[in-house]
Amino acid sequence: MKRITKIIIIIILILSVIGIWGYKTYFIEKASNQPTEDVGKDKPMLVDLGATTCIPCKEMVPVLAEVKKMYDGKAIVNVIDINDNPEEANKYGIRVIPTQIFLDKDGKEVFRHEGFFSKEEIAKVFKNMGVE
């Protein structure tokens, strides 16, 4: 029994390390922490503001990766780590992370959500914005 417990603990530790590495890689590679004024003037945009230290933000990582693929060429998904870009949090009046803000192609806010947001719910908002 002790051997099985040790194996389970080792597996959990390995999975935790992989998860943390994957999350940090996602934010560095996928998000680039680009301020919103530099992207997406011609397309609708989802701006996700979060932090690598936030559990619900970590849960959003696979959702945002999928959404980014789903709407490639149709909309922009911009993930911003507010620890690296606190001015973006101030710009949008962020009170809770993660916060998802949907902007139309002119940069006007259309919808805002605080907390975890599923792929299906994101798709509904984009559909209401005319993005298929």
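Student: Let's start with L15: is L15 buried or exposed?
Tutor: Keep in mind that this is a predicted model. L15 sits in helix α1, which covers residues 2–31. Its relative accessible area is 55%, and the cut-off for exposed is over 50%. So L15 is exposed.

Student: Which residues form a nonpolar patch on the surface, and with about how much accessible area together?
Tutor: L15 is one of the members.

Student: Now the inside. Which element gives the largest share of the largest nonpolar core?
Tutor: That core has 15 residues, and L46, V67, F102, I122 and F126 have the most contacts inside it. The elements giving two or more residues are α2 (55–70), β2 (76–81) and α4 (119–128). The largest share, four residues, comes from α2.

Student: What does L46 touch, leaving out residues up to four places away in sequence?
Tutor: Among its contacts are L64, V67, I76 and V77. L46 also touches N78, Q100 and I101.

Student: How many disulfides does the structure hold, and is C57 buried or exposed?
Tutor: There's one disulfide, formed by C54 and C57 with their sulfur atoms 2.5 Å apart. The torsion about the S-S bond is about 80°, so the disulfide is right-handed. C54 is buried at 9% relative accessible area. At 2% relative accessibility, C57 is buried.

How values were computed. Residues are numbered from 1 along each chain as its sequence is written. This is a predicted model: local features need pLDDT of at least 70, side-chain atom pairs count only at pLDDT 80 or more; totals for chains, interfaces and linings use all residues. Side-chain values use heavy atoms; hydrogens and water are left out. A nonpolar core is a set of buried Ala, Val, Leu, Ile, Met, Phe, Trp, Tyr and Cys residues joined through side-chain atoms within 4.5 Å. Buried means under 20% relative accessible area, exposed over 50%, partly exposed in between (1.4 Å probe, protein chains only). Contact means heavy atoms within 4.5 Å. Patches are made of residues with over 30% relative accessible area and no salt bridge: like charges are joined within 9 Å, nonpolar side chains (Val, Leu, Ile, Met, Phe, Trp, Tyr) within 5 Å. Accessible areas come from the Shrake-Rupley method with a 1.4 Å probe; for residues, only the protein chains shown count as cover. A salt bridge is a side-chain nitrogen of Lys or Arg within 4 Å of a carboxyl oxygen of Asp or Glu. A disulfide is a pair of cysteine sulfur atoms within 2.5 Å.
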